[in-house]
Amino acid sequence: MTNKEGCFLTPKVQNYKKIWFFTDLFVTLSPSYKPKYKKMRQGLLILAIGCTMAVQAQKAPVYETSAKDEIAANRFLAGSNYVDYDRQLPSKALTPSPKNYEPYYMSHYGRHGSRWLIGDGDYTHPITTLKKAHEQGKLTALGEETLKKLEAFYPTSHERLGDLTTVGERQHHGIGKRMTQNFPEIFKAKDVKIDARSTTVFRCILSMIAECEELTAANPTARIHNDVSQSLQYYLNQPWDGIVKELGRGTGDKEYEAAQLKYTHPARLMGLLFNDQDYVYNNVKAGDLMRQLFHVACNMQSHDTDIEFFSLFTDEEVYDLWRIQNIGWYLDYGPSPVSGEKMPFSQLNLLKNIIATADTVTQTQATLRFGHEVCVMPLACLLELDNCGMAVQNLDELDTYWRNYRIFPMGCNIQLIFYRPKKGKTGDVLVKALLNEREAYMPIDTDNWPYYKWQDLRQYYLDKIKDFETSTSPSK
C-alpha cells in the first residue's frame with residue numbers, strides 16, 4: 001500500500017484493513033447502504049491513512065529544505081558515504097537527562113573515518129581516458145588541467161588504497177572527545193569499563209584507537225579493553241547470507257541502471273574537457289567518465305589538500321549524480337520495496353549483539369564497536385531511526401524522505417544511551433538514540449521524547465527479529 005507520493009505505509013497503517021472489515025460487516029447487515037458503500041469505504045480509508053501518517057510525522061523529522069537546496073548550499077553533502085563527518089556537525093544541544101535519571105551505559109557502533117579510495121581503478125580509469133586524449137591533442141585547457149591534477153594526486157594513493165587519512169583520524173578524535181563531554185557520568189566515572197572492538201580492517205582499528213585516546217585523556221582511570229579478531233566479524237561486519245544474500249544479487253540492478261541513464265548528462269562536461277566531440281563519441285564512454293570524475297571529486301574532502309574537482313560540475317549535475325548514489329545505496333542496503341524491505345536485516349547479528357550485551361550490563365560502562373558504513377546504514381534502517389526505515393516505492397521521490405548523507409558520512413555512528421533512576425529512585429530503564437550525535441526518533445510511542453522505555457523497545461526489536469526469522473525460515 002502506498003500513498004500518492006509512492007511512499008509505502010508502515011505496518012501500523014495496515015490497520016485500515018480492520019476498518020474495511022467493519023464497514024463490510026455493516027453493509028452486510030444493512031443492505032440499503034450498499035449504494036453508498038464504495039464512497040464510505042474510500043472515505044474511511046483516507047481517514048485511516050491520514051491519521052496514521054500524522055502519527056508518523058510526529059515520529060520522524062520533516063525535512064525543512066529539499067535535498068537539492070541542501071546540496072547546492074554545501075556540495076560536500078553530495079559525497080554520500082564520502083562526506084567528511086566534520087562538515088555537518090550537530091548544532092543543537094542534547095536534551096537534558098530526565099528528572100531523577102542518569103546515563104549509565106552507551107552501546108555504540110561507528111564507521112571508520114575518511115579514507116583514500118579503495119580501488120586503484122578509481123583513480124586510473126579517468127586518468128587513462130584523459131591521457132589518451134592528451135596524446136592525440138584532443139583535450140581543452142580545462143581537460144589538460146584536470147589530467148594534471150589527477151596525475152598530481154594519484155601518487156599519494158600508492159600503497160594507501162583504503163587507508164585512514166589524517167582527516168579520518170581527526171574525525172574520531174572529535175567524536176571521542178564529545179562523548180566525554182556529552183556523557184561525563186559514563187566516561188569520566190572512576191575505573192569505568194570500556195569494551196572497544198573493531199573489524200580486522202586497519203582503518204577501523206586506527207579509528208578505534210583515535211577515539212579511545214580521547215577517552216583515556218579525559219579519564220586516565222578508564223579500563224579500556226581493545227579487541228580485534230576474525231571471530232568478531234560475524235556481527236561487526238556480518239556477511240550477507242540467506243534471503244539477504246539472495247535479494248542482494250542484482251535485485252535492484254534494473255532500477256539502478258535506469259537511474260544512471262536518467263540522471264547522467266555528460267554532454268556539457270565533455271564539451272569543456274575535449275576539443276573534438278567526434279573523438280568523444282568514438283572513443284570515450286562519456287557517462288562513465290563523468291561519474292568517475294565525480295567519484296574522485298566527492299572523496300577529495302577526505303584529504304587535507306587544495307586539489308578539487310567539484311568545480312567541473314554544475315549544481316544540477318552535482319545533485320543528479322548524488323541522486324544516483326542515493327538510489328543505489330537505498331536499493332542495496334535500505335528498506336527498498338524492490339528487495340522486499342529485507343536488506344537492513346543484513347545487520348541481524350549486530351542488533352542481536354546490541355540487545356544481548358545490554359542485557360548483561362549492571363554497572364556504568366560502554367560498549368564501542370567499529371566497522372563500516374555497510375553496517376551503520378542498514379542498522380539505522382533496521383532500528384528505524386528517524387526516516388531511515390521508510391519504504392519508498394517511487395525512487396524519483398526518494399530524497400524527499402531518505403537522504404544518505406544524513407545517515408552514513410565518514411565516521412558515522414549510532415549511540416544508544418541508557419538511563420537508570422538515580423540512587424533511591426525507582427522507574428523504568430530509558431534509552432535514547434543518537435544518529436551522528438543527533439537525537440533520533442525510534443519506532444515506538446513515548447511521552448518523553450527523545451527517551452523511550454528500553455523494555456518496550458527491546459521487545460519491539462525482538463518481535464521484529466522473530467518475524468523476520470520465521471518468515472524466512474527454510475520451511476516457509
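Select D227 first: leaving aside its neighbours within four places in sequence, D227 is in contact (heavy atoms within 4.5 Å) with A196, R197, S198, M208 and L232. This is a predicted model, in which local features need pLDDT of at least 70 and side-chain atom pairs count only at pLDDT 80 or more, while totals for chains, interfaces and linings use all residues. Residues are numbered from 1 along each chain as its sequence is written, and side-chain values use heavy atoms, with hydrogens and water left out.

D227 lies in strand β3 (residues 223–228); strands (E, at least two residues) and helices (H or I, at least four) are DSSP runs, numbered from the N terminus. With a relative accessible area of 22%, D227 is partly exposed, the class between buried (under 20%) and exposed (over 50%), for a 1.4 Å probe and protein chains only.

Next, display helix α4, residues 121–135. Its 15 residues reach 20 Å from first C-alpha to last, close to the 21 Å expected at 1.5 Å a residue, where the expected span is 1.5 Å times one less than the number of residues. Colour Y123, P126, I127, L130 and A133, which are buried. The buried residues of α4 pack against α5 (141–153), α13 (277–283) and α14 (286–299). Just after α4, G137 takes a positive phi of about 70°.

Finally, go to K464 in helix α19 (residues 454–471). K464 is buried, at a relative accessible area of 18%. Beyond its neighbours within four places in sequence, K464 is in contact with F345, C381, L382 and E384.
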